[in-house]
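Please read it beside the sequence and the structure.

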Amino acid sequence: MFNKYVSDLTGPVTNIRLSPANVDWEVEMVAVVGIGGRHISEADGWAHIAGLTLGQDISDRVTQFAAPPTQFGLAKSYPGYSPIGPFLVTIDELQEAGLNLDDLELGCEVNGRIRQKAQTKDLIFSVPALVARISEVVTLIAGDIIFTGTPSGVGMGMTPPQYLKAGDELISWCEGIGEMRHHFIND
């Protein structure tokens, strides 16, 4: 689990300033809490979610591995490194569209090449499981956002590794939610 700060957040169509080196993409579905609480059962998890949106969990891999222990949270905390959008789609709207909340297509491409594409059913933890686990420790409050994890295909895992650079375009999508488009510029 990784914390998000208000300064990390940006919109669905923006320019994002790159940190010094090795900046990676991680497309994620994002659940927005509608009804808060603690000790929420997994069976009741979806009932506490107002809707879903799309996110990118952009990571500076140099900062992440600069010193032990790894600094996952810090590496994802540069300004704009947590874009979300383009819409908050309610659970009812997704169900009325005939979509399975636990099996949405999710992906991203860099400069027109697909880098990540998967179904949310293949993520390690479902939204209800995340709500249950997080609420064991944290009191969830309406408006809290939960980034749900990323599928395979991040740049760090490629041979050789590939990272974002100035001028790159990152397009992210999630079925039923929409698309985000980000361009990267030097700091």
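Ile 16 stands opposite Phe 184, a residue of strand E12. The structure is a predicted model, in which local features need pLDDT of at least 70 and side-chain atom pairs count only at pLDDT 80 or more, while totals for chains, interfaces and linings use all residues. Residues are numbered from 1 along each chain as its sequence is written, and side-chain values use heavy atoms, with hydrogens and water left out.

**Strand pairing**

- Strands (E, at least two residues) and helices (H or I, at least four) are DSSP runs numbered from the N terminus, and two strands pair if DSSP finds at least two bridges between them.
- Strand E2 (residues 13-17) runs parallel to E12 and is joined to E12 by 5 bridges.
- E11 and E12 are antiparallel, with 6 bridges.
- Leu 170 has His 182 in E12 as its bridge partner.
- The hairpin of E11 and E12 has 3 residues between the strands, and Gly 176 in this hairpin takes a positive phi near 85°.

**Nonpolar core**

- A nonpolar core is a set of buried Ala, Val, Leu, Ile, Met, Phe, Trp, Tyr and Cys residues joined through side-chain atoms within 4.5 Å.
- Buried means under 20% relative accessible area, exposed over 50%, and partly exposed in between (1.4 Å probe, protein chains only).
- The largest such core has 37 residues, and Ile 49 and Leu 52 have the most contacts inside it.
- Elements that each supply at least two residues of this core include strand E4 (27-33), strand E5 (49-56), helix H4 (127-137), strand E11 (169-174) and strand E12 (178-185).
- Beyond its neighbours within four places in sequence, Leu 52 has contacts (heavy atoms within 4.5 Å) with residues including Met 29, Trp 46, Phe 87, Ile 91 and Ile 177.

**Rings**

- The whole structure holds 1 aromatic pair.
- Tyr 78 and Tyr 81 form this pair, which is tilted, at 5.2 Å centre to centre and 45° between the planes.
- Rings of Phe, Tyr and Trp (its six-membered ring) pair if their centres lie within 6.5 Å; planes under 30 degrees apart count as stacked, over 60 as edge-to-face and the rest as tilted.
- Tyr 78 is partly exposed at 27% relative accessible area, whereas Tyr 81 is buried at 0%.

**Thr 63**

- Thr 63 belongs to helix H1 (residues 61-64) and counts as buried, at 17% relative accessibility.
- Apart from neighbours within four places in sequence, Thr 63 contacts Gln 71, Leu 74, Ala 75 and Tyr 78.
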